[in-house]
Amino acid sequence: MIVRWQAVREAARGPVVTHALIAGCAVVFVLSPASGLNPGYGTGDGLLAAGTDYFRRWGVIPDELFTGTPRAWLTPLTALFVHGSWLHLLGNMLFLFVFGAMTEERMGRPAFLVFYVCTGYVALAAYAAANAGSSQTLVGASGAISAVLGAFLYLLPRARVTSLFPFLFFLPLRFPAWIVLLFWFALQWVAAHRAGSGPGVAYLAHLVGFSVGFLYAWARYRRTAERCSVVQE
């Protein structure tokens, strides 16, 4: 009875890690110069300069990441909580809210947190390695969230997800997760091949994160899924 009650209490608390990550990213953004809400950064040119310095301090700079300094190697961790605009933040947090909760429930809280941080680090580092000569700053949780999407595709491919597609006049339609996520991956693939070398969206980090997340879920939970299939038969 005690074990069962503890399980009920854990379930009632919900996706604590997902909510904590969303709250952490939101707080960091509001306090940053990018939000425009912190008067300590000033206005006008002063605010723009503060934003540039802020991103260079906490974001990943590819041509500095592999210099071997401890501070540079920490930036893929800090960059996971830094976002460049309200649209950047809200878009990422929406995906994390939709797909993070069920992935966290499947993996467990500690494992999900480690998975999120590690895959996010790998995605940002991979992008930096592919653009080692770039001095453009890379920030955002997109790589980690893409890994969550990849894991979700393997763990819960038939879960139905409400989606809005521009070419369908933004009608809210429900599709199996595997359709939505494979369509998303295809869009990232096309965009990555069309993207230039200047500032913009780090589509390669999305592709790496998604692939790493899917492969991790396949390697970690494949045997569990096979055992469940045997029991059902």
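The model is predicted, so local features need pLDDT of at least 70 and side-chain atom pairs count only at pLDDT 80 or more, while totals for chains, interfaces and linings use all residues. Residues are numbered from 1 along each chain as its sequence is written, and side-chain values use heavy atoms, with hydrogens and water left out.

**Aromatic pairs**

A pair of aromatic rings is described by the distance of the centres and the angle of the planes. Rings of Phe, Tyr and Trp (for Trp, the six-membered ring) pair here if their centres lie within 6.5 Å; planes under 30 degrees apart are stacked, those over 60 edge-to-face, and the rest tilted. The count by this rule is twelve aromatic pairs. One of them joins Phe-112 and Tyr-116, tilted, with centres 6.4 Å apart and 45° between the planes. These two residues are four apart in helix H7 (residues 109-130), and are therefore separated by about one helical turn. Helices (H or I, at least four residues) are DSSP runs, numbered from the N terminus. Phe-112 is buried at a relative accessible area of 0%, and Tyr-116 is also buried at 0%. Buried means under 20% relative accessible area, exposed over 50%, and partly exposed in between (1.4 Å probe, protein chains only).

Phe-115 and Tyr-216 form another tilted pair, 5.3 Å centre to centre with 35° between the planes. Phe-115 lies in H7 and Tyr-216 in helix H10 (residues 203-232), so this pair ties together parts 101 residues apart in sequence. Phe-115 is buried at 5%, whereas Tyr-216 is partly exposed at 32%. Elsewhere, ring pairs link Trp-184, Phe-185, Trp-189 and Phe-210 into a cluster.

**Charges over rings**

A charge sits over a ring if NZ of Lys or CZ of Arg is within 6 Å of the ring centre and within 35 degrees of the ring normal.

| Charged residue | Ring | Distance from ring centre |
|---|---|---|
| Arg-220 | Tyr-221 | 4.8 Å |
| Arg-222 | Trp-218 | 4.5 Å |

**Nonpolar core**

A nonpolar core is a set of buried Ala, Val, Leu, Ile, Met, Phe, Trp, Tyr and Cys residues joined through side-chain atoms within 4.5 Å. The largest one has 44 residues, and Tyr-116 and Leu-181 have the most contacts inside it. H8 gives the largest share of this core, nine residues. Leaving aside residues up to four places away in sequence, Leu-181 touches Phe-99, Leu-149, Phe-152, Leu-153 and Phe-210, where contact means heavy atoms within 4.5 Å.
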